Amino acid sequence: MTTSLVWFRDDLRVADHPALAAGRSEGAVVALYVLDEESEGIRPLGGAARWWLHHGLEDLRAGLERLNVPLVLRRGAAPEVLREVLEASSADAVYWNRRYGGPERSVDQRVKSEAAEAGLHAESFQASLLHEPWTVRNGQGEHYKVFTPFWKAASARHVRPPVDAPARQGSAPANLPDSEDLADWDLLPTHPDWAGGLREAWTPGEAAGHQALEDFLDGPVADYPQDRDRPSRPGTSRLSPYLRWGHVSPFQVWDAAVRARTPRNHQAVQTFTAELGWREFCWSQLYHHPDLAEANLRPEFSDYPWQWPRESGTPHDAGAFPDPVPDGGPSPTARVRAWRRGRTGVPLVDAGQRELWATGWMHNRVRMVTASFLVKNLGIHWRVGEQWFWDTLVDADAANNPANWQWVAGSGADAAPFFRIFNPLTQHDRFDPDDDYVRRWVPSFGQEGYPEPIVDVKQSRAAALEAYQRLRDANR
DNA sequence: TGTCGGTTTCA
DNA sequence: GAAACCGAC
């Protein structure tokens, strides 16, 4: 009987998993997950992501157990691990669902060629994106740089239906490679255990993801265009971490959304599926610009006087002002510290940052506001914010996170124009008029002890516009 | 998926 | 005097 190895990555599910389905159709399957912290260029997971991964893997193991498929856990450089595990399992083939980041693609390519050299069958599948990034092209044959035409072209294309979870296998493969113990990976925080808020807010896993999808399409989707901007309301799908980890696939979301469509909610469903479109667009950007998290897509922004906190990891070639800033006010280090902990004295910003710190997630409207505040009002480089979100979000996504930070900063493809600067006070009035959200996360709001704004919103906005104007003049 | 300051419109 | 409207950033 044939044995296949199915390599799980950002697709921790058993349904709509083409690689798993392919392996099962050939015979017996061994599942593998590799925690690769060694391969060149692979970005180490943030703290909140590690927490989610731990529980996501437990859930995957349970899901695979129901199919009688054993899950092998290994740490190390993926090509080496694959070599070992393929040999130990006497597998004839290895299957996986495609990844689209630069370093990940290099790793996968290496695994594929090494498998071929060893006379093994290696095959990859489309499962994480509705549209392969190299297939969505404009009239000139180039990838789209603007969202609206991108999504217009992409969403007109056929989307395959989700595939079912495979049938339970009668017997597990004879040769089972050793597995490491998940607990030894230290993915969960211990001293201190800061994950209490995450546990309260989230249930990682495939079933929970589908429950979230179903609950959303059962009700809230009808009011999505309005309610999604109100952070105090349960108006969003909260699917982001489930999509990030692949507990739910975009094909499943697309299919469910299309099925939930009625004449009445048609427009609202389209607004929702456009968010899948943004995800596709972000991944297209990362595919075509593997350095999306490091480099401005608009190179002229390298001359913008972004500031960096004084701490390790600050690039020396960032064109940054020294700490403290020349024109007075709190130092970049103090600004960043206040922003991270939600002590800027700007209520909506502080509420968002505290929601993030407590739950590993922030409402999208508020993400735009806190990001704009960091980049435009505090004058800090978007990469500082991108790194913080990467470390704290349970949905930290290698494409969405940097693409959206560049969107806010104005340095990205189809980005918000730099002069589109959110006023956090106006946004507060408009989207949290009853202060429900702000009071939930900042109990001291409106009371003595709540700090004054760390910078003047109006003055700092004007300063950002001036710096931008100088940049434009210099580039003319 | 913006804000601001100015002008116009209308009750 | 509020609300709608507009251009500039």
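Biologist: I would like to start with one residue: where is Asp-435 found?

Modeller: Asp-435 is found in the loop between α17 and α18 (436-441). Helices (H or I, at least four residues) and strands (E, at least two) are DSSP runs, numbered from the N terminus. This is a predicted model, in which local features need pLDDT of at least 70, side-chain atom pairs count only at pLDDT 80 or more, and totals for chains, interfaces and linings use all residues. Residues are numbered from 1 along each chain as its sequence is written, chains are lettered from A and ligands numbered from 1 in the order in which they are written, and side-chain values use heavy atoms, leaving out hydrogens and water.

Biologist: What is the phi of Asp-435?

Modeller: Here is the general idea. Most residues other than glycine have a negative phi, and most peptide bonds are trans. Asp-435 is not a glycine, yet has a positive phi of about 65°. With 21% relative accessibility, this residue counts as partly exposed (buried is under 20% relative accessible area, exposed over 50%, partly exposed in between, with a 1.4 Å probe and protein chains only). Ser-90 is another residue with a positive phi, near 50°. Look for Ser-90 in the loop between α3 (78-89) and β4 (93-97); its relative accessible area of 39% makes it partly exposed.

Biologist: And which residues does a cis peptide bond join?

Modeller: His-191 and Pro-192, with omega at about -5°. Pro-192 belongs to the loop between α5 and α6 (196-201).

Biologist: Let's turn to rings. How many aromatic pairs does a search of the whole structure find?

Modeller: The search finds 29. In the pair Trp-151 and Trp-254, the ring centres are 6.1 Å apart and the planes stand at 85°, so this pair is edge-to-face. Trp-151 lies in helix α5 (residues 147-155) and Trp-254 in helix α10 (residues 250-259), so the pair ties together parts 103 residues apart in sequence. Trp-151 is buried at 10% relative accessible area, and Trp-254 is buried at 17%. Phe-389 and Trp-405 are also edge-to-face, because their centres are 5.0 Å apart and their planes are at 75°. Phe-389 sits in helix α15 (residues 382-392) and Trp-405 in helix α16 (residues 400-409), 16 residues apart. As for the rule, rings of Phe, Tyr and Trp (its six-membered ring) pair if their centres lie within 6.5 Å; planes under 30 degrees apart are stacked, over 60 edge-to-face and the rest tilted.

Biologist: Which residues form one aromatic cluster?

Modeller: Trp-51, Trp-52, Trp-202, Tyr-242 and Trp-361 do. Over the ring of Trp-202 sits the charged end of Arg-238, 4.5 Å from the ring centre (the test is NZ of Lys or CZ of Arg within 6 Å of the ring centre and within 35 degrees of the ring normal).

Biologist: How do I read two packed helices?

Modeller: Two packed helices are described by the angle between their axes and the distance between the axes. For helix α13 (residues 347-359) and helix α17 (residues 424-431), the axes come within 8 Å and cross at roughly 75°. Axes are lines fitted to C-alpha atoms, for helices over the stretch in contact, with angles from 0 to 180 degrees between N-to-C directions. The two helices α13 and α17 are therefore roughly perpendicular (65 to 115 degrees; under 35 is roughly parallel, over 145 roughly antiparallel and the rest oblique).

Biologist: Which residues in α13 and α17 meet?

Modeller: Pro-347, Leu-348 and Val-349 in α13 meet Pro-424, Gln-427 and His-428 in α17, where contact means heavy atoms within 4.5 Å.
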